[in-house]
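Dear colleague,

I am passing on the structure below, and I would be glad if you could look through it alongside the notes that follow.

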Amino acid sequence: MKLMILDGNSIVNRAFYGIRLLSTREGVCTNAVYGFIAILGKLLEEEKPDAVCCAFDLKAPTFRHAEYEDYKAGRRPMPDELASQIPLLKETLDAMNIPRYEQEGFEADDIIGTVSRICEAEGWECVIATGDKDSLQLISPRVRVKLVSTRMGQTEERNYDEAAFTEQYGFPPAGMVDLKALMGDPSDHIPGVPGVGEKTAMDLVRRFGSVSRLYEELESPGIKDSVRKKLSEGRDKAEMSYRLATIDRQVPMEFAPADALRREADKKKLGELFRRLEFFKFMDKFGLNETGEGAKGDPDRPAPETAWIADGKALEELTGRLEAAPFISVVCHPGLEAVAIAEENRVSLVAADDLGDEYDRFLGVLFSNRVKKVSHEVKELMGTLPEAGIPAADGFLFDTALAGYLISATSNSYTLDKLAAAYLSESIPTRDAFAAQGAFSALGDREAAGRAMAAWASAAGRLYGVLSGKLKEMGMTELFSTVEMPLCRVLADMERAGFRVDPKRLREFGEMLSSRIGELEEEIYRIAGGPFNLNSPKQLGEVLFERLGLPAMKKTKTGYSTNADVLDKLRESHPVIPMILEYRQFSKLKSTYADGLLKVIGPDGRIHTCFQMTVTATGRLSSTEPNLQNIPVRTDLGSEIRKMFIPAEGQVLVDADYSQIELRLLAHISKDPVMCQAFLTGEDIHRVTASQVFGVSQDEVTHLMRTRAKAVNFGIVYGISDYSLSQDIGVTVAEARHYIRTYLEKYSGVRAYMKEIVERAKHDGYVVTLMNRRRALPELNSKDHNIRSFGERVALNMPIQGTAADIIKLAMVRVHDRLNREGLRARLILQVHDELIVEAPRDEVERVKTLLVEEMEGVMSLSVPLEADAGSGENWYEAKA
DNA sequence: GCGAATTA
DNA sequence: TAATTCGC
């Protein structure tokens, strides 16, 4: 029989320092518990012990403190982020039915020593899992030690039995105590013999076997005089150290190995705990995801009655109820082969195969404005419905993903199963359970898919109650229903419309780039003295800083930095540098833009980006597959790409953008008189800033001053640090700090705002935009100065950037609405944070320009005007005024 | 500062 | 995964 005993404190420590900080969406730190469970799982799998238990230290002083007051005095206190996890870990072990032992006056090691002694006595094999070497002294024919370490989230371990130990140390395990008695252990504050280090101590233990023998034979000629002197002077210390280092194997505790025999975990408790800690991976691993009693948040709630709608009569009844219900929730199979509809306490499954033509008619009613629906990822649903002949789905009350995002904008996913776990304490299948291909084909398992869809529909309906309550408490109901929900339709339409590109010109541009890239490559290899992979920063670094001997200025984690900043400083040092910079620019344009865009042109000759509504922490949208929000504009060559974005035949592109929206919002929010004045009189804000910061009149502002002032404005808006600002404008950190200080002296309203917003954020734990969009800021309470500073910059920046996001989103909803209402054929096709692009029939251009400017400027009335400029043209480059 | 894409 | 570069 085999027992495994874990050194709880030691392993949780390794886990904590070996895994980056993780926390739940409510900010509870979980990395140490997570790591502990991962390690435990691995150990159990490898060792398959018959019994498992865990030993912990207690805070109370031990017999060792009585012996030696400095004992462990030098230990750094446990960080709060770890201390808070210890109770969670103990709760986890309890739920797993793994006994834990702790004893006042003793350390975990003593408990381990005692447990292992009892095991030996009873003929059990004992495996000690720990991160510390202290336990190595316990090794015997029946006792092994597994030394656990974690590196970059990977668990590594070394096994020590008698043979392995003796091979490594050159003496038997018991000598470990003698070794420590001589060399000491700074981490435990065991003094050892002064002047005797590891080398000497190892040698002495190997030769004499033990401290007592050593002192008996102290006069032996084999000991150097200097060492003999140290030993004889340090005898007291050696003896005390010996006692401190010796593990007490006689802790008074009731223990029998059979007490720790493995038992099944308490699935209910463990499931609840893992849900709370958001350990969804472990839930699968521990089999806690089956819909059983243990998985339900509310055991009193009866499972909803689920039925397939198999005939016309049942369908008719359902249809009748839908229009009468205050709301229902809907989940669709991605191919629309089936839908699940949850009412208050029943779920109906409707499959295309069962109903023929009636199914399509049913979908028509279901997705009309007459049926009020809750669903998940409404924009995506709106994107698939046109394929089923429903181009204008309507009547969506609530999107659970969007609500989840507004409630906590910094989570990394808002899948329905995660929302159900977080807000209903309920475990439901993931989307794969029904979204897989072919669930509704002849060979598919439609029952299983139906069950999963029913679970989703039912959860979505209940999430509506919970999440809408939270939105209301947080004051975001209006933002949700006047901005985010309506935006689903706007974005779905924009995605479907797409942006036409000119593939011929794009290809030609790519070919031009290719040939220049080829020339550059050849020339660079010739100068560098041989070919290498230019796209590999690692190889480039080696060539530049080793082969060519250029001075390396910056390093990255893995080697030399070769970014544009670094290379630019080396521009004059070697003729190859400008070529590399040019190569970089060209290959970026070619791979990301020329080739990248060609790959995603649809059969309609247009590019359909996908707007993400739940990604950014500030409330902005993001754009993927492809990202149309980072099409080049800054350089002449890059902006060529914009000439390939064109309108449909007979149409024109209209482009409108906000002028300085973020700085205007800063002026409005901070009420800074100087900044407000600048915007009210229509001055050049960067010039004004330069004149303020450099203390000159506006006509005396030089180009360099304006550029730097612009960077400072930019820095304030994006919340960058003094360090990043110094990098940006190429001055020292001290100088950058000086600019910021002067800036805040001149714009004293901004300084006051900064102070106030940080204080409020600290108090509330979050910041909000003008429309009450929220971002939580746990960073402000960090003990790490860098993290706290980051939190402070976010506190300043998010209300500004987030309000800009609110404003343009509302403008989009209104523009979309007005284009439709006024019967125009013009369509919104793209948003780039402060810019809207509309494709308009030639004869609508002027009306559309006016409409865009009116709606964009009229979103809100602030203490400074919101200004938008519109232009038009035959391509994006031309249209951007 | 953030987010996306490409490349090794 | 890390480094780089594009946009706002």
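Which residue in strand 21 is the bridge partner of Leu830? The partner is Ile837. Before going further, please note that this is a predicted model, in which local features need pLDDT of at least 70, side-chain atom pairs count only at pLDDT 80 or more, and totals for chains, interfaces and linings use all residues. Residues are numbered from 1 along each chain as its sequence is written, chains are lettered from A and ligands numbered from 1 in the order in which they are written, and side-chain values use heavy atoms, with hydrogens and water left out.

Strands (DSSP runs of E, at least two residues, numbered from the N terminus) count as paired if DSSP finds at least two bridges between them. Strand 20 and strand 21 (residues 835-841) pair in the antiparallel sense over four bridges, within an open, antiparallel sheet of four strands in the order 20-21-17-22. Strand 20 (827-831) and strand 22 (868-873) stand at the edges with a single partner strand each, so one side of each is left without a neighbour in the sheet.

Of the atoms of DNA strand B within 4 Å of the protein, 80% belong to sugar or phosphate and the rest to bases. Strand 16 gives the largest share of the surface near DNA strand B, namely three residues.

With best regards

Definitions and conventions: Near = heavy atom within 4 Å.
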